[in-house]
Each structure stands twice: as structure tokens, then as C-alpha cells.
Amino acid sequence: MSNNAISEESFFLTPLSLFKEIEAAQSIDELREFGVKVLDIVMFATRAHADIKSIVQLISQFNCAITQRLIALLESTEGIRLPEGATYLALGSEGRGEQTLCTDQDSAIVYIDDLPPEKLRDVERFATQLVDALEEIGVPRCPGNMMASTPQWRHSLTEWKEIIDQWVTVPTPEHMLYFGMFLDIRSLHGDETLGTQLRDHICAVVRLAPFFLPNMAGHVVRFPPALTRFGRIRVERSGEHKGKVDLKKAGIFAITAGTSLIALEVGIIGGTTWEKLELLGKRRVFTSGDLKIIVEAFTFLVQLRVQGHLRDLSANGKPSNHVDPLVMTDIERRQFRQALKGVNTFLRIVRNRYLLDYISI
């Protein structure tokens, strides 16, 4: 075996060892160091040619373990805890369990309707301290302030249901953005039944609002893939990222949000985009041929994103979602172009499913 070969045993032991280290961390300073260790593990897994789906899920599992250890440390060292009858919710990519190396905080809190006023103060203190602590260990704040520390993202169960009703019945661009973030909620700490009740309410209210799904679909397709009508890769023509392609706008957002939307229509909430696509395939929402094209497109775009993050971080830079087609190999460019065509296939399915070419959104 060559020096560069990675044994199957070491591949599984290394992540396991890091999880144990996270569980044993005794301070915020210790947790801060795990950002570098997670990066090393991801680079290790990439060199071992692990599939990108497993790598993304591993990143999410590490981030979840770090957050949960941080919550435990806040309670043991500072007496800060989330009271009974409340739940800390992960939103967006963290809720789906498919984070990459460039992630920020997206969170909310739900609590029982009759939570006493003194417990509400505990909820606010917990949310504020946790968001601050996450930032301290290297997880940036959400630029849009969609975090549990913001009063807008802390509500009782009934209040959240009313807010969701408002988002669905009055589908403004802002409401659709919020709904899209909230759709993949996952209970990360506290009473899981509250999160389950919110998921059930989302499914119920959407069934009563037939025009909401087409409106959300219109939100999904607003970014066309970066291909010209002649099949050439379209890059940004000016600005900081001139000559590059934004992978999120070029297809990752469309497939992620569109898959969550179609899954919601058939009663599926939660799980990664890959898991939802598999379930939708089993329900024959997609043909086997289209499903293969969509999965391969999404997988390759996420792979490019993670590889770009690794390069940026290794060079001590800030992770970016932009890639330069000119620095790709010929094979990578062909694969990239094929992935963008796959995004087109997915958008065509969304447009046809919700009759977007025949209605005014």
C-alpha cells in the first residue's frame, strides 16, 4: 500500500475520534479549534474520494455536534439553558442536514403557548447567548438576521402557526423567502413535538391555499442556469466576481428549493435534497431518466461548491460560491455544462408542473 493510500479503518476512525473530542470539549475556546479539524477531515475525505453526499452530511453532523456541545457548555458553565416547553430549531441547509463549509446561522425558537413570563426571559437569554457563542467559535451571523436571537424568530406555537398562515395566504417575495427558510425546520434542542406540530401545520395550510405552490414555484425558477441558448457557460460580466459563475444561483438553489416544494406538495417535509429526490422518484413524480439527470446535476454542483470552499480556506481566504470555468479542466467544464443542462431539465419540470407559462405570478 502506498503512503498516500487511506485505509478503510482510518477513514471511519478519524471522524469518530473527532466526534468524541467534541463531546469532551470543556470550553468555548476548545470548540473554536474544531473548525480547523473539520476542514482537515473534509480534505481527508475528499482525497479518499468519498462521495460528496457523505461529505456534506458529515459536515452537517459535525456542526450539529458542536452546536449541541456548545449548548451543554452554556448550561454547565454559565447556567444558561432553554427552559422546558421550548425548542431550538435549525432552518435552511442546517435544517436539511446538508451544510457545506460556507455556512451561517439560520435558526428559530418555538415555545408552548402558556410559557410563563420568567421562562420567556430565559428563552431570550438562551437565544442571545447561543448566537453570540456560535459567532465566537466561527459560525457567522445570518446577514438577514434570521436567527433565534431576533424577536421575529422567537414565537409561541400558536403565533408561529398564525405567521405561517400569513406567509402562505399573502405570498409576497419576503414571505416566500421566509417560508423557504422555515420549510426544512429541524428540532435541534428541546421539545421535538413542537417542531413536529409546526411541520404538520405547514402541510395542512398549504393544502388549503392552491395558489401558494405556483407562487413559490415562480420564486424557485427566478434564477435561470448559467447557460446561453447556444449551450455556452454564462459568467458574470462585471463586479467582484467577473468571469465567474455563482453556483447557488446557477442551480443549487433551484434544485434545493424546488425539490422541497414538490416534496411538500406530496406531504414530505425534512431530510436532505438527495433523500427527497429519492422519495419523489419512488412516487414517480420524476421519470427515472429525469431523476438521474437531476441527481447528477445537483451532486456535481455541490461537489464544485465544496471543492471551491476547500481551496479558498486552504489559501486563508473567505469561502465563496463562485467558480471560474477557465481554471477547470476540459473534463470538469464538460461536466459543469452537463450539470447546468440538468438544472434546465429540473426547471422545465417545475414550470410544467405548476403551469408557470400559462399563469401570471
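Biologist: In what order do the four strands of the open sheet run, and what kind of pairing do they have?

Modeller: This is a predicted model, and in it the order is E3-E2-E1-E4, with mixed pairing. The edges are E3 and E4 (186-190), each of which pairs on one side only. On average, neighbouring strands in this sheet are turned by 30 degrees against each other, direction ignored.

Biologist: How do you know which strands E2 pairs with?

Modeller: Count the bridges. Strand E1 (residues 86-90) is joined to E2 by five bridges, and the two run antiparallel. Strand E3 (residues 154-156) is joined to E2 by three bridges, and those two run parallel. Both counts meet the cut-off of at least two, so E2 pairs with E1 as well as with E3. Towards E3, Val110 is partnered by His155.

Biologist: What makes you say that strand E2 is mostly covered?

Modeller: Five of the five residues in E2 (residues 107-111) are buried.

Biologist: Which helix lies across E2 and E3, and at what angle to E3 does it run?

Modeller: That's helix H7 (residues 157-169), running at about 105 degrees to E3.

Biologist: Why is His175 called buried?

Modeller: His175 has 14% relative accessibility, and the cut-off for buried is under 20%, so His175 counts as buried. You'll find His175 in helix H8 (residues 173-182). If you leave aside its neighbours within four places in sequence, His175 is in contact with Gln166, Trp167 and Val170.

Biologist: And His49, buried or exposed?

Modeller: Exposed: the relative accessible area of His49 is 73%, and anything over 50% gets that label. His49 belongs to the loop between helix H3 (34-47) and helix H4 (52-78). Its phi is near 65 degrees, which is a positive value in a residue other than glycine.

Biologist: What class of accessibility does Asn145 fall into, and why?

Modeller: Asn145 comes out at 40% relative accessibility; that lies between the 20% and 50% cut-offs, so Asn145 is partly exposed. Phi of Asn145 is also near 65 degrees, again positive in a residue other than glycine. The loop that holds Asn145 is the one between helix H6 (117-136) and E3.

Biologist: On to helix packing. How do H13 and H14 pack, and how far apart are their axes?

Modeller: Helix H13 (residues 288-314) and helix H14 (residues 330-353) make an angle of about 130 degrees, and their axes are 8 Å apart. In passing H14, H13 makes a left-handed crossing.

Biologist: Which residues in H13 meet H14?

Modeller: On the H13 side they include Ile293, Ala297 and Phe300, and they meet H14 residues including Phe336, Ala339 and Val343. Sorted by type, the residues of this contact are 11 nonpolar, three polar and three charged.

Biologist: What angle and axis distance do H11 and H13 have?

Modeller: Helix H11 (residues 247-265) packs against H13 at about 135 degrees, with the axes 10 Å apart. That angle, too, falls between 115 and 145, so H11 is oblique to H13. The crossing of H11 past H13 is left-handed. Among the contributors to the contact are Leu247, Ile252 and Ile255 of H11 and Ile294, Phe298 and Leu301 of H13. By type, the residues of this contact split into nine nonpolar, two polar and two charged.

Conventions:
Residues numbered from 1 in each chain as written. Predicted model: local features only at pLDDT ≥ 70, side-chain atom pairs only at ≥ 80, totals over all residues. Heavy atoms only, no water. Axes fitted to C-alpha atoms, helices over the stretch in contact; angles between N-to-C directions. Left-handed = near helix turned anticlockwise from the far one by under 90°. Contact = heavy atoms within 4.5 Å. Nonpolar A, V, L, I, M, F, W, Y, C, P; charged D, E, K, R; others polar. Buried < 20%, exposed > 50% of the residue type's maximum accessible area, 1.4 Å probe, protein only. Parallel < 35°, antiparallel > 145°, perpendicular 65-115°, else oblique.
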